[in-house]
Every structure is written in structure tokens, then in C-alpha cells.
Amino acid sequence: MRDDDGSGALSLRLPFRAPLCAEGLFGHLAATAVPGVEEWRDGAYRRTLRLPHGHGIVALRPMSGHVGCLLNLTDPRDLPTAIGLCRDLLDLDADPATVDGHLGEDPALAPLVAGAPGRRVPRTVDPAELAVRAVLGQQVSTAAARTHAARLVAAHGEPISDDAGGLTHLFPTPAALSSLDPAALALPRARRATLVGLISALASGELDLGPGCDRHRARARLCALPGFGPWTVETIAMRALGDPDAFLPTDLGVRAAAHRAGLPVTPAALTGRAAAWRPWRSYAVQYLWGSGDHAVNRLPAR
């Protein structure tokens, strides 16, 4: 660890168990980045971090054998927390040998695993943020979800300064979002009700998605919220709760990939076939998504 350039930024190497498929991991984060909170700049994924003693900005760069991590913190006491969040975000503690060995036993998945071994689950640094973004992403394109999230950030996020790039805000907390006017959201009425219900449950503490929460209880509470179907619940379980066995059989990208791989495409039949992939179905989703021609599967050119 060192002060990289005299600016107070700390440069670190984040190790991982090889292999690591950087395209699927960083490509996803870059393609879904919320303007103001996240960006891809000069070959690195950058984002703001809300930390116990202040805030931070991190730049994460895929390198040979490690992930380069450049951290700017307002309070050095937050260094261990920031490193932990970055490792969680990139799923760097995964064991690809175990995961790939298991999934590769399925003849339909074997070519996908062999073609891009070491896929990780792109997770989050803030479970509440991920949950809000999952609702905003219901039944819309990646671009539309980014636009909706950027509007919330501009209206309710906490401003920060970023001398090295274009980051402007911390993603708003549930408490900050509690003051939003649902009528101001460019969303269908039912989606507004879903978002407001989620924000209320998070702000009141009725819904706990934080580290150490009970996954089963969190899933049950999510299912009880209005407008929360299996896709939204499983997305949050996969990316916010860190469930390695979450599954998205209704996802259009998963079903299209299943068709290409000769797998069943109806949700019930695909779920039945996917039973053999347990307990690593979240990673099977990444391999299925990775077989498609989508920006989430490619590193940006710049």
C-alpha cells in the first residue's frame, strides 16, 4: 500500500483466486453505471463510497493477477471497511475452481465455462442502493434504469467533489429518499408504489439487507412487499445479499441463453434442470448472461 501520487490516494492490490473473467465483471458494472455515482474512466471502474466516518472514491482496474485499487478517503479509519466493500463488490473471495468444476459437469454449461472461466457475480457496496436500483430496473432497458437512478441521485443524493473525474454524489440513503414525491417519478403508478414501499421498509428498519442479515427473513420480507416478484427478489438476493444460489429463470437474457445452449426455456422446466447447478446457480446465471451479445459482457473501449 502506498500514497500513489502525493494526493493522499492510497494504491493497493486486491488479490483473488485465479482465474477471473474481467470482461463479465467490469463490463457489467460499467454498462449499468449510474451517472454521478459510477463511471468508467481510463480503463477503471470508479464509484463513490458511503463509509462510517465519511465518504470515499475508489477506482478499480483489472490487472494481471490482481485488481488495482486506488482509494481516496476522507477519513483513514475507513480503509478496512472500504477494502471489504470493494472485495464484496467484485466477488473477489469466490473460489472459481470449485464453482467452475461443478457447473462444468453440465454438458450445456461446459462450453460456456471453458470459454470464459472465473466469472464472478457483480455485487454491490450498498445493499439498499442495489434494492432501489432493482426496482427501477423492472421491465425496462439498462439505459432506462440508469436514467431513473440518475434522477434520484441528482435530486436526493449527497454532493461530493471529485478532482480526478466526473463523480458528483453519494447514492441517496433510504432516509433521504423518504422525502421524495412519488408523483415526480417518471414511472408507472404501480412501480412508484413498489419503490415507495421498499424505501419505507428500508428506512424504518423493517427490512434489513445489511451485512449479517438473515437471508431467509430478508427474502420473505421482500416477497411480501407490493410489486416484488421473483425476478426482483432473486436479483437482490444475488447481488445485495450475496446468495451464491439465487436464480432468475424468468429473466429474458437467461431464457435466451438457455435456448442457445439447448436448455429448457420455460421457467419451471429451466428451474428443474438448474437443480443440478446448486449451490452455484448465481454463477450459472453469469455464464448464461455472458453468452449473449450485450454491453455488460464487454470492457468499454476507454
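A disulfide here is a pair of cysteine sulfur atoms within 2.5 Å. This is a predicted model, where local features need pLDDT of at least 70, side-chain atom pairs count only at pLDDT 80 or more, and totals for chains, interfaces and linings use all residues. Residues are numbered from 1 along each chain as its sequence is written, and side-chain values use heavy atoms, with hydrogens and water left out.

Searching the whole structure turns up zero disulfides. For Cys69, the closest cysteine sulfur is in Cys86, 4.5 Å away and too far for a bond. Cys223 has its closest cysteine sulfur in Cys213, at 14 Å, again too far for a bond.

Now the charges. Count a salt bridge when a side-chain nitrogen of Lys or Arg is within 4 Å of a carboxyl oxygen of Asp or Glu, and the structure holds 19 of them.

| Salt bridge | Closest N to O |
|---|---|
| Glu39 and Arg41 | 2.9 Å |
| Arg278 and Asp245 | 2.5 Å |

Arg278 sits in the loop between α12 (267-274) and α13 (281-290), and Asp245 in the loop between α10 (230-239) and α11 (252-260), so this pair ties together parts 33 residues apart in sequence. Helices here are DSSP runs (H or I, at least four residues), numbered from the N terminus. Salt bridges with shared partners also join Glu38, Arg47, Glu129 and Arg133 into one network.

Technical notes
Helices (H or I, at least four residues) and strands (E, at least two) are DSSP runs, numbered from the N terminus.
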